[in-house]
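This report describes a protein chain, beginning with the confidence of its elements and ending with its surface.

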Amino acid sequence: MHFDWQTIIALACVAAALAFLARRALGLFGRQGGCGTGGCGSCPSKSVESERGTARPFVPLDLLEQPRR
């Protein structure tokens, strides 16, 4: 069987996308709680959030832009 270079690149892209989706699916269904998943609440970020009441303050976009020279 003869494959040209475009077919090989396309198959590699499809394989990479499938690997990415499989990894995301396993990570989503494989978690049993813990830090970052809303499990025990013992993460440092969770305790800071509960003390302040909000996860992160809102910063307007115009404050983040670099001034033009």
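## Confidence, helices and surface

Among the elements of the protein chain in this predicted model, helix H1 has the highest mean pLDDT and helix H2 the lowest, with the values set out in the table.

| Element | Residues | Mean pLDDT |
|---|---|---|
| Helix H1 | residues 5–30 | 91 (highest) |
| Helix H2 | residues 44–52 | 52 (lowest) |

Where pLDDT is low, the predicted coordinates should not be read in detail. Over the protein chain the pLDDT averages 74, and 58% of the residues score at least 70.

The secondary structure consists of 3 helices and 0 strands, so that, read from the N terminus, the order of elements is α-α-α. Of the 69 residues in the protein chain, 1% are buried, and the accessible surface comes to about 6800 Å², with 61% of that area belonging to carbon and sulfur atoms.

One feature of this surface is a nonpolar patch of about 430 Å², made by Val-59, Leu-61, Leu-63 and Leu-64. Leu-61 lies in helix H3, which covers residues 61–64, and Leu-61 counts as exposed because its relative accessibility is 60%, where exposed means over 50%.

How values were computed: Residues are numbered from 1 along each chain as its sequence is written. This is a predicted model: local features need pLDDT of at least 70, side-chain atom pairs count only at pLDDT 80 or more; totals for chains, interfaces and linings use all residues. Side-chain values use heavy atoms; hydrogens and water are left out. Patches are made of residues with over 30% relative accessible area and no salt bridge: like charges are joined within 9 Å, nonpolar side chains (Val, Leu, Ile, Met, Phe, Trp, Tyr) within 5 Å. Accessible areas come from the Shrake-Rupley method with a 1.4 Å probe; for residues, only the protein chains shown count as cover. A salt bridge is a side-chain nitrogen of Lys or Arg within 4 Å of a carboxyl oxygen of Asp or Glu. Helices (H or I, at least four residues) and strands (E, at least two) are DSSP runs, numbered from the N terminus. Buried means under 20% relative accessible area, exposed over 50%, partly exposed in between (1.4 Å probe, protein chains only). pLDDT is the predictor's confidence in each residue, from 0 to 100.
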